[in-house]
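Here is a short briefing to read alongside the structure. Keep the viewer open, and take the points one topic at a time.

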Number of protein chains: 2
Amino acid sequence: MAAPALSALSDPGGAVLPAPVFPDPDLSASGESFTISDLARAFDITPRTIRFYEGEGLIHPTRRGSQRMFSRADRARLAWILRGRAVGFSLADIRELLDMYAPGQSRSAQLKATLEKSRERIAALEAQRNALDATIAELSDFCRTIEDKI
Amino acid sequence: MAAPALSALSDPGGAVLPAPVFPDPDLSASGESFTISDLARAFDITPRTIRFYEGEGLIHPTRRGSQRMFSRADRARLAWILRGRAVGFSLADIRELLDMYAPGQSRSAQLKATLEKSRERIAALEAQRNALDATIAELSDFCRTIEDKI
DNA sequence: CCAGCAGTTGACGTGAACGTAAAGGTCATC
DNA sequence: GATGACCTTTACGTTCACGTCAACTGCTGG
């Protein structure tokens with residue numbers, strides 16, 4: 001659970017993920033697009049990871065022949081995924097949330113779902129922290145016991 | 001990492017794990033011994049888990065024919081293993097520590113090694129907690145942002 | 001004598017999140 | 001036209017801590 005580099009969350013080079021908002025889904029036509037390793041470098045992950053995410057249905061880059069082409073929207077989406085991952089969502093969670101940003105869902109429903117998931121996650125994280133604190137206390141105690149024996 | 005039931009740590013029914021001290025390694029000869037499911041029940045784990053630990057070289061019960069027989073020392077050892085597991089040591093860590101309690105090692109060396117590992121673990125746990133706190137903060141922030149949009 | 005249970009072994013499955021070949025395509029450049 | 005950098009695919013490997021199954025043995029009670 002060693003929280004992955006939070007540094008990868010800033011979506012370098014552009015619109016710093018305005019949360020779940022995907023401003024211009026058609027930006028790909030307007031020129032700016034990225035290669036797989038562009039994004040890999042930008043977010044400090046491997047191309048393999050990105051392909052994996054595609055395989056898992058998290059991103060859907062377009063193709064020029066067989067090569068993946070990532071639009072700004074794709075990049076933002078990836079940033080979103082990484083942000084979710086960084087705060088401990090499973091890929092399944094992330095997919096579930098992302099699926100809500102498909103056509104046919106109301107925006108407020110999307111936001112509400114995201115909010116709810118986030119709150120659940122916070123609760124889980126707080127529980128984890130409490131457990132962690134307990135463990136730390138126990139181990140510290142254990143250390144003291146050992147020190148006494150020396 | 002959902003800290004496994006800390007309740008299983010008390011070594012029910014006997015010497016409540018006086019830390020890494022195995023008082024009477026020969027108690028098995030003095031009568032008291034346990035079956036695999038005795039211990040499984042006592043520690044609320046499955047027999048499979050115990051066999052797995054044996055396969056991993058963490059416990060070495062004696063045999064009567066093909067049946068495993070667990071002495072009090074074995075039981076204490078198992079309690080020790082579970083305690084280690086509960087505080088987040090990997091089985092590899094645990095094995096490493098347990099190996100030090102083999103003949104030929106000085107007791108103070110054993111204690112020192114255990115102490116060191118424990119301190120490392122505490123440091124790791126504290127780092128984890130800090131990361132967790134940061135994540136919680138970030139997620140809370142994220143929630144606020146979403147709330148504003150609604 | 002036989003059912004039933006507790007025990008044994010070994011092999012394979014699980015899940016998460018990728019990593020690691022292997023084998024090949026495509027493109028600009030020297 | 002050959003080299004190298006980059007891209008593609010499929011497919012199997014990894015780590016951890018077991019769970020699940022199958023097939024078997026051995027003991028005890030009725």
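**Where the two chains meet**

Six salt bridges are found by the rule across the interface of chain B and chain A. Please bear in mind that this is a predicted model. The points below begin with that interface, then turn to the sheet of chain A, and end with the sheet of chain B.

*Charged and polar pairs across the interface*

- One pair to look up is B:Glu138 and A:Arg83, whose side chains meet in a salt bridge with an N to O distance of 3.8 Å.
- Between chain B and chain A there are also four residue pairs in polar contact, counted with both residues at pLDDT 80 or more.

*What chain B brings to the interface*

- On the side of chain B that touches chain A, the elements giving two or more residues are α3 (72-86) and α5 (107-149) of chain B.
- The most comes from α5(B), which gives 27 residues to that side.
- By residue type, the side of chain B that touches chain A divides into 23 nonpolar, five polar and 11 charged residues.

*Extent of the interface*

- Contact links 39 residues of chain B with 38 residues of chain A.
- The size of an interface is often given as the accessible area lost when the parts come together.
- For chain B and chain A the buried area is about 3,600 Å², and carbon and sulfur atoms give 77% of that area.

**The sheet of chain A**

- Chain A has an open sheet of three strands, in the order β1-β3-β2, with antiparallel pairing.
- At the edges are β1 (33-34) and β2 (62-64) of chain A, each of which pairs on one side only.

*How the strands pair*

- β2(A) pairs with strand β3 (residues 67-71) of chain A in the antiparallel sense, over three bridges.
- Within this pairing, A:Thr62 has A:Met69 in β3(A) as its bridge partner, and A:Arg63 stands opposite A:Arg68 in β3(A).
- β2(A) and β3(A) form a hairpin with two residues between them.
- Which residue in that turn has a positive phi? A:Gly65 does, with a value of about 70°.
- β1(A) and β3(A) run antiparallel and are joined by two bridges.
- In β3(A), A:Phe70 is the bridge partner of A:Phe34.

*A salt bridge within chain A*

- Over all chains, the structure holds 22 salt bridges.
- In one salt bridge, A:Arg72 pairs with A:Glu32, and their closest N and O atoms are 3.0 Å apart.
- Why does this pair tie together parts that are 40 residues apart in sequence? A:Arg72 lies in helix α3 of chain A, whereas A:Glu32 lies in the segment before β1 of chain A, so the pair joins the two parts.

**The sheet of chain B**

- In chain B, an open sheet of three strands has the order β1-β3-β2, with antiparallel pairing.
- β1 (33-34) and β2 (62-64) of chain B stand at the edges with a single partner strand each, so one side of each has no neighbour in the sheet.
- β1(B) runs antiparallel to strand β3 (residues 67-71) of chain B, and two bridges join them.
- For B:Ser33, the bridge partner in β3(B) is B:Ser71.

Methods. Residues numbered from 1 in each chain as written. Chains lettered and ligands numbered in written order. Heavy atoms only, no water. Contact = heavy atoms within 4.5 Å. Buried area = accessible area lost by both parts, 1.4 Å probe. Salt bridge = Lys/Arg side-chain N within 4 Å of Asp/Glu carboxyl O. Polar contact = N/O pair within 3.5 Å; in protein donor to acceptor, adjacent residues only side chain to side chain. Helix = DSSP H or I, 4+ residues; strand = E, 2+ residues; numbered from the N terminus. Nonpolar A, V, L, I, M, F, W, Y, C, P; charged D, E, K, R; others polar. Pairing = 2+ DSSP bridges.
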